[in-house]
Amino acid sequence: MMSYEDPPQSKLFYMGINIDKRIRKNHPLRKIEELIDFDFIYNEVRDKYGYNGNESIPPPVILKLMLLLVLYNVRSERELMDTLSERLDWLWFLGFDLDTEIPNHSVLSKARRRWGEEAFRGFYERVVWQCVESGLVDGSKSGLVDGRKIFVDSSLIEADASNNSVVDTKSLKRYLNESYRELEKRLEEEREDEEGDNDDEGGVNSRYISTTDPEAAIVRTSGKAKLRYQTHRAVDGAYEVITATEVTPGDVNEAQKMLWLIDTHKLNTE
């Protein structure tokens, strides 16, 4: 006898709902939850918060949200929050229930500004060291190899800034107001330590800057000039664990960061 589906009807109460039972046992987020301690971030950012006022989103939840953003290649923080209520696995990973209020997307950008780079670098280094202790980095446990083989590479990443934000500093010099002068000063200070800066005569990035993202560099690939960054990585050969990474403006040649990556690889993995 064929059955027919009843029209959807909302229930007033849901009894016995357990999100944990609805997440498969081999889900990648289960492995991450099992192996990585996110609670360390409490001590790392304790001095970044006041002692009164509204309570913040727990720091481990912020860290997990940022991990989901990268792990699932979500295009924006706003989209992450819009999708969150539709994903039982994400809710479970964050320790949320079905009726937990979803945070505003702005909590992530505020946390990044409040915590600073060191908090995230510390999290990354902790995970790398866990890989070392587990024998996932070449030569860290087995003793069969010397652990000296790593691969170094870089990738261009398009900046989230419009080409329309680019201004010619030389043609606009007499019109620059105080904010533009501060912009130029900051850009010059940040690039003083970078090797291979363009000379005074040329170099598009010595003349043109973006008013909305001055750290990005103009790079031409496939005939298109766009504002870009470059990520530089050292990858261990045994299990492809990224052991060192750095982000620079897109015009920094990867060869200029090779020795730095090797030294950081040694520091992170001993």
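**Helix packing and cores**

Mentor: The axes of H4 and H6 come within 8 Å of each other and cross at roughly 130°, where axes are lines fitted to C-alpha atoms, for helices over the stretch in contact, with angles from 0 to 180 degrees between N-to-C directions. Helices here are DSSP runs (H or I, at least four residues), numbered from the N terminus. This is a predicted model, in which local features need pLDDT of at least 70 and side-chain atom pairs count only at pLDDT 80 or more, while totals for chains, interfaces and linings use all residues. Residues are numbered from 1 along each chain as its sequence is written, and side-chain values use heavy atoms, with hydrogens and water left out.

Trainee: What do you call the arrangement of H4 and H6, then?
Mentor: H4 and H6 are therefore oblique to each other, since angles under 35 degrees count as roughly parallel, over 145 as roughly antiparallel, 65 to 115 as roughly perpendicular and the rest as oblique.

Trainee: Which residues meet there, between H4 and H6?
Mentor: From H4, Glu-77, Leu-80 and Met-81 meet Val-107, Leu-108, Ser-109 and Arg-112 of H6. By class, this contact of H4 with H6 has four nonpolar, one polar and two charged residues.

Trainee: And how do the axes of H3 and H4 cross?
Mentor: They cross at roughly 100° and come within 10 Å, which makes H3 roughly perpendicular to H4. Leu-65, Leu-68 and Leu-69 of H3 make the contact with Glu-77, Leu-80, Met-81 and Leu-84 of H4.

Trainee: OK, changing topic: which residues touch the most other members of the largest nonpolar core?
Mentor: That core has 32 residues, and Leu-65, Leu-80, Leu-84, Leu-108 and Trp-115 touch the most other members. A nonpolar core is a set of buried Ala, Val, Leu, Ile, Met, Phe, Trp, Tyr and Cys residues joined through side-chain atoms within 4.5 Å. H3 gives the most to this core, with seven residues.

Trainee: What is Leu-108 in contact with?
Mentor: Leaving aside neighbours within four places in sequence, Leu-108 is in contact (heavy atoms within 4.5 Å) with Ile-62, Leu-65, Met-66, Glu-77, Leu-80 and Met-81.

Trainee: One last thing: is His-27 buried or exposed?
Mentor: His-27 has 5% relative accessibility, so it counts as buried; buried means under 20% relative accessible area, exposed over 50%, and partly exposed in between, with a 1.4 Å probe and protein chains only. His-27 lies in the segment before H1 and, not counting residues up to four places away in sequence, touches Tyr-72 and Asp-89.

Definitions and conventions
Helices (H or I, at least four residues) and strands (E, at least two) are DSSP runs, numbered from the N terminus. Ala, Val, Leu, Ile, Met, Phe, Trp, Tyr, Cys and Pro count as nonpolar, Asp, Glu, Lys and Arg as charged, and the others, Gly among them, as polar.
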